[in-house]
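Thanks for coming. Please have the sequence and the structure open while I talk.

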Amino acid sequence: MASPWRLWGPYVSGRQWGTVREDYSENGDAWSSFPFDQAHARAYRWGEDGLGGISDRFGFLNFSVALWNHRDPILKERLFGLTNNEGNHGEDAKEYWWAVDGTPTHSWMQWLYRYPQAEYPYQRLRDENRRRGRQEREYELGDTGILDEDRFFDVQMTYAKAGPEDLCITITATNHGPEAAPLDILPQIWLRNTWAWGRDRRRPTISQLQPPTLTVGGLEAVEVEQGFLGHYFLAAEGSPDVLFCENETNAVALFGASQNPAPFTKDGVNNRVIKGDKKAVNPALEGTKAAFWYRFPSIPAGESVEVKLRLSTSSPTKATFGESFAATNSDRLAEADDFYEGVINQQISVADRHVARRAYAGLLWGKQLYRYDVDQWMKGDPNAPAPASRRNHDARNAHWTQMSLADIISMPDEWEYPWFAAWDLAFHTIPLAHVDPAFAKEQLVLMCREWSMHPNGQLPAYEWEFGDVNPPVHAWAAWHVYRIDGYRDREFLVRVFTKLLLNFAWWVNRKDSNGSNIFEGGFLGMDNIGLFNRSAPLPPGFRLEQSDATSWMAFYCQQMFKIALELSRYDKSWDDVATKFLEHFLSIAQAMNTFGSRNISLWHEEDGFFYDVLVQPDGTAPHMRVRSMVGLLPILGATEVPAWITEDCPDVTARLRWLQRRRPELMGPLLSRTGDGSRKMLLSLVDPERLRRILERMFDTEEFLSPFGIRSLSAAAKDVVTAEIGGQQVSIGYEPGESQTAMFGGNSNWRGPVWFPVNVLLADKLRTYGRHFGDSFQIEIPTGSGNLKNLVQAADIVDGGLTALFRPVDGRRPADGKRIESSDNPLWQDHPTFSEYFDGDTGEGLGATHQTGWTALVAHLVNPRLPPDPRSRGWA
């Protein structure tokens with residue numbers, strides 16, 4: 001992020017309200033502490049938000065667009081959605097927008113927002129979703145009817161950089177409706193409030209340029225003066241009214257205060273435009289927030305209007321909107337097209353290329369500024385003290401006071417996740433490595449830095465509770481980013497690997513409570529996949545030994561082993577580190593495949609499947625016989641051992657020979673066979689017989705195999721599974737769509753839908769098995785069909801199901817389901833959405849509808865796979 005060309009980017013969130021870091025309440029309810037209804041009139045402490053916005057990478061100066069259709073009660077300035085308690089399936093955005101295009105340095109960016117011409121139905125969306133139960137679908141904006149007959153404006157933001165600090169901005173609004181309609185467009189520039197909290201009282205300013213300082217006509221302009229950034233000028237073509245107010249809270253309107261901290265508050269522009277209140281804006285033409293008010297009383301049907309602005313460190317001249325402006329736009333678009341011709345294989349279909357480019361655009365627009373100093377937040381500011389409840393020992397994130405971030409981080413979704421989630425981020429880096437490998441590597445390192453990682457080695461999970469546990473996928477992601485980047489940045493591998501040594505130790509010390517090599521991890525990112533909340537404390541004397549936690553640790557060992565081997569090729573001191581992870585994996589494999597802490601194996605021989613085991617106070621340890629993704633994850637424990645270790649890694653080779661002689665009972669997971677004239681070795685958590693039995697269930701259409709990938713819960717669980725735990729009845733059943741339980745807020749569902757990240761991991765490891773076994777190991781796909789496939793072909797079937805979600809069938813993408821996006825109208829068809837997860841039967845996209853993050857892995861799949869290691873070292 002140190003490159004000057006990256007100083008400005010799409011770093012402004014679509015939603016800052018309702019986030020934990022803006023919560024200064026006594027009860028810790030972030031949603032009610034800072035609701036949407038206050039956002040237009042209340043200053044934020046930690047960040048900003050806006051529609052299609054940009055900012056400097058420090059978030060001091062921000063720019064976005066505001067809109068008014070002459071019917072709404074407030075300016076449309078930010079994304080709206082339901083809070084966790086308002087949605088019948090958890091929080092949900094109620095807007096339509098798309099990241100259209102972008103380049104890694106943000107020299108070219110496009111973003112599209114669909115704005116209704118009728119009054120936005122804020123209350124109707126709340127009331128109807130509150131009325132509906134969990135068995136019913138979410139009530140969406142498209143269901144209200146206000147978008148019928150295309151009665152909306154498409155507002156496209158286009159940014160083209162003429163230089164690192166010279167941005168040409170074009171806002172184009174198109175009336176797609178059948179009649180002329182009014183629209184006001186208000187480009188806004190404002191300074192993040194850094195002065196109101198009592199830590200830095202310096203107040204930057206925005207003021208209007210006037211003659212004789214402004215020497216040219218045909219435009220209006222403002223000058224920004226900020227202590228760190230220096231001077232900027234924003235010029236606006238034409239003769240819009242220029243409105244000024246302060247980025248300060250309207251405490252009188254919101255809280256009944258006797259007076260406001262400033263006479264012209266954050267909602268000043270809103271009140272001037274909507275209410276006609278001329279006293280709401282500063283007649284002195286200065287402040288910390290400014291807007292250019294363009295009024296279009298009647299835009300004809302099918303017509304467009306255009307607004308041009310330029311943000312630069314140079315004052316405006318006659319050339320500001322001259323030929324250079326148009327040339328910059330055409331040059332940057334041409335450069336973006338050239339860039340993606342190199343990134344995206346031009347031999348794949350037009351539809352696949354379109355999806356891939358949109359996926360990359362979503363990732364690049366998902367780069368957001370994340371500011372959060374937990375210690376400051378816990379203590380509060382001189383002018384905004386924290387509530388007493390936050391100083392409790394058990395307050396949210398109380399044990400993460402070392403966390404102090406002010407970084408650009410890849411976000412899963414600017415609506416539902418205006419914060420990072422650790423395992424989401426790791427998956428983001430795979431497709432990011434195709435377009436922006438430097439940023440991908442930076443992200444993985446960032447999570448391991450001292451201001452992110454806990455001193456005990458734990459990686460932060462997500463803002464709502466940094467101490468929750470996400471699966472350990474960072475080592476896997478680091479290896480793949482290194483591979484995609486050409487196997488050349490060993491410095492990156494060393495930086496990540498040395499920090500992950502601390503994280504690995506945390507897992508061993510904290511999540512293997514009795515040293516049995518059987519692990520507990522809590523919910524592990526798969527919210528409601530179990531019979532009960534796996535992150536909640538169990539009754540006294542109970543302990544859950546987890547198949548997935550143990551599988552993840554075996555997988556973690558193997559990835560660390562692989563990285564250590566790679567480093568040892570260049571520095572022999574890494575050789576004995578590789579042996580450490582090899583032996584640790586073998587110990588985990590022995591524990592998982594034989595007996596747990598109470599002589600109960602996680603493997604259930606009768607069912608041919610791995611399950612969690614609940615160790616109870618009386619010594620019994622029954623299997624939780626729910627066939628879910630938990631039992632498929634042991635497949636992840638598969639890694640090839642390259643033949644070159646014999647010569648290049650003498651310590652590993654010697655240790656392997658010693659183990660074969662002295663500890664043969666540990667060596668079952670090391671499989672060996674001769675093929676293609678050479679000997680192949682594979683570390684495998686499951687033996688071939690168990691692997692076959694698991695895959696028989698995995699590729700059974702009555703269980704896990706759907707047309708669109710592998711379900712997270714077997715469809716055989718349509719008959720609800722029940723159990724008794726500590727005298728309480730718990731149950732689980734197959735739910736292919738939205739969550740029908742309130743567990744984890746009901747925001748996501750792992751009880752049947754298809755999830756991209758775990759599917760990609762499963763396919764990756766099937767391919768590993770396939771390279772080892774070749775055609776000597778084949779399975780029926782679907783199970784019982786007699787159609788035999790080797791495991792590389794099986795991996796292709798999984799990947800093919802995922803990509804099929806985005807490939808039109810009869811003109812419609814399965815992922816669009818029954819939503820308005822499935823319309824045969826090109827205005828909807830042209831815009832694929834990247835959902836959080838997908839219906840296990842129909843493939844309809846569910847959950848967050850803009851989760852380009854890990855669902856952007858589709859771009860990694862539609863392109864042909866990378867060639868093998870160019871150095872012919874046996875890695876794949």
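This is a predicted model. Let me start with one side chain. Methionine 698, leaving aside neighbours within four places in sequence, is in contact with Leu632, Ile635, Phe704, Leu705, Ile710, Leu762, Leu766 and Val798.

Where does that residue belong? Met698 is part of the largest nonpolar core, which has 148 residues. Together with Leu695, Phe699 and Phe756, Met698 touches the most other members of that core. The element that gives the most to this core is α13, with 13 residues. There is also a second, separate core of 113 residues, and Trp97, Leu191, Tyr294 and Ala461 are among them.

Now to α13 itself, residues 547–568. The axis of α13 comes within 10 Å of the axis of α12, residues 490–511, and the two cross at roughly 150 degrees. That crossing is left-handed. Which residues meet there? On the α12 side they include Phe497, Leu501, Phe504 and Trp507, and on the α13 side they include Met553, Tyr556, Met560 and Ile563. By class, this contact has 15 nonpolar residues, one polar and two charged.

Last, a sheet. Three strands form an open sheet in the order β26-β28-β27, with antiparallel pairing. Why is one side of β26 and of β27 left without a neighbour in the sheet? Both stand at the edges, β26 at 638–641 and β27 at 670–675, and each has a single partner strand, so one side of each is left open. From one strand to the next, the twist averages 30 degrees. Between β27 and β28, residues 678–684, there are six bridges. In that pairing, leucine 670 stands opposite leucine 683 of β28.

Terms used:
Residues numbered from 1 in each chain as written. Predicted model: local features only at pLDDT ≥ 70, side-chain atom pairs only at ≥ 80, totals over all residues. Heavy atoms only, no water. Axes fitted to C-alpha atoms, helices over the stretch in contact; angles between N-to-C directions. Helix = DSSP H or I, 4+ residues; strand = E, 2+ residues; numbered from the N terminus. Left-handed = near helix turned anticlockwise from the far one by under 90°. Contact = heavy atoms within 4.5 Å. Nonpolar A, V, L, I, M, F, W, Y, C, P; charged D, E, K, R; others polar. Core = buried A, V, L, I, M, F, W, Y, C linked by side-chain atoms within 4.5 Å. Buried < 20%, exposed > 50% of the residue type's maximum accessible area, 1.4 Å probe, protein only. Pairing = 2+ DSSP bridges.
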